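Hi,

Here is the structure I promised to pass on. Have a look at it first, and then read my notes below.

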Amino acid sequence: LLWDDVNIYMAAVIKDDKLSMNKTDGSIWNADCVEVFFSTLNAVADHSEHYQYGFNANNQKWNWCNMDGAGSVEPAYLQIAATATADGYICEASVEYAMMPALDFSAGNTIGFHPCIDDTDIDDGDTEYQMTWTGLAAHDQSTGFGHMLLSDEAVPASDGWQSQDIDATDGSVTEVDGTWTISGEGADVWGSADQFHYVYKELTGD
């Protein structure tokens, strides 16, 4: 999970030796599918306090439950990039969280979150297994879901790379699939009062 000023981003890597995605629209859960729930932190028995989305390796998507009453549709604001692999499938998705106005996506807040994986090995059959974070049925919020903490800390760099502020700056660095984004504040790099942010990696040898 990642987030920015507009979207919440998800990635799921599913290991599955047989793919079955013969369903469409609101029935995609009844085959191989990923479901995600964004919710309040309340433990409630019905469907009134969560948003439920699904997507699969065929780039199909659906919104079932919606706290604003506009569910049971294919949501344009849910973007999918998915592919089948040799041993399963990978789904990447983003949701414009302004479309979930009942939840406060602000730094420091906690949002309920619940992922589920639906699976069947039957070519034209229904879901045989459902794996859920809580171990309960997908919709069952009666004991509460898991949760995510919305942090405003930048995603750390990878492979031993580090970053550092010099003087009174507020810099950050992120790296996603080889693309680096470095930001910093400060007056300039000049004389004896430098202000900048840099990325470095300690090495040994010549």
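Before I go on, a word on what you are looking at. This is a predicted model, in which local features need pLDDT of at least 70 and side-chain atom pairs count only at pLDDT 80 or more, while totals for chains, interfaces and linings use all residues. Residues are numbered from 1 along each chain as its sequence is written, and side-chain values use heavy atoms, with hydrogens and water left out.

Back to Ala81. At 45% relative accessibility, Ala81 is partly exposed (buried is under 20% relative accessible area, exposed over 50%, partly exposed in between, with a 1.4 Å probe and protein chains only). Leaving aside neighbours within four places in sequence, Ala81 is in contact with Asn59, Ile90, Cys91 and Glu92, where contact means heavy atoms within 4.5 Å. Ala81 and Cys91 are ten residues apart in sequence, and their C-alpha atoms are 6.0 Å apart.

Now the sheet around it. E6 is part of an open sheet of four strands, ordered E1-E2-E7-E6 with antiparallel pairing. Strand E1 (2-3) and strand E6 (78-85) stand at the edges with a single partner strand each, so one side of each has no neighbour in the sheet. Two strands count as paired if DSSP finds at least two bridges between them. E6 and E7 have eight bridges, in the antiparallel sense, and a hairpin of two residues joins E6 to E7. Within that pair, Ala82 stands opposite Cys91.

Is Ser94 buried or exposed? Ser94, which lies in strand E7 (residues 88-96), is buried, at 11% relative accessibility. Not counting residues up to four places away in sequence, Ser94 touches Asn7, Ile8, Tyr9, Tyr77, Leu78 and Gln79.

Elsewhere, take Trp161, in the loop between strand E10 (146-149) and strand E11 (162-166). Trp161 is partly exposed, with a relative accessible area of 34%. Beyond neighbours within four places in sequence, Trp161 contacts Trp180, Val199, Tyr200 and Lys201. Leu2 is 159 residues away from Trp161 along the chain, with 20 Å between their C-alpha atoms.

Finally, the whole chain. The protein chain has 14 strands and zero helices. Its radius of gyration is 21 Å, whereas a compact globule of 206 residues would have one near 17 Å (taken over C-alpha atoms; the globule rule is 2.2 Å times the number of residues to the power 0.38). The C-alpha trace spans about 70 × 40 × 30 Å along its principal axes. Buried residues make up 37% of the 206 residues, and of the contacts with a separation of 6 or more, 57% are between residues 24 or more positions apart.

Cheers
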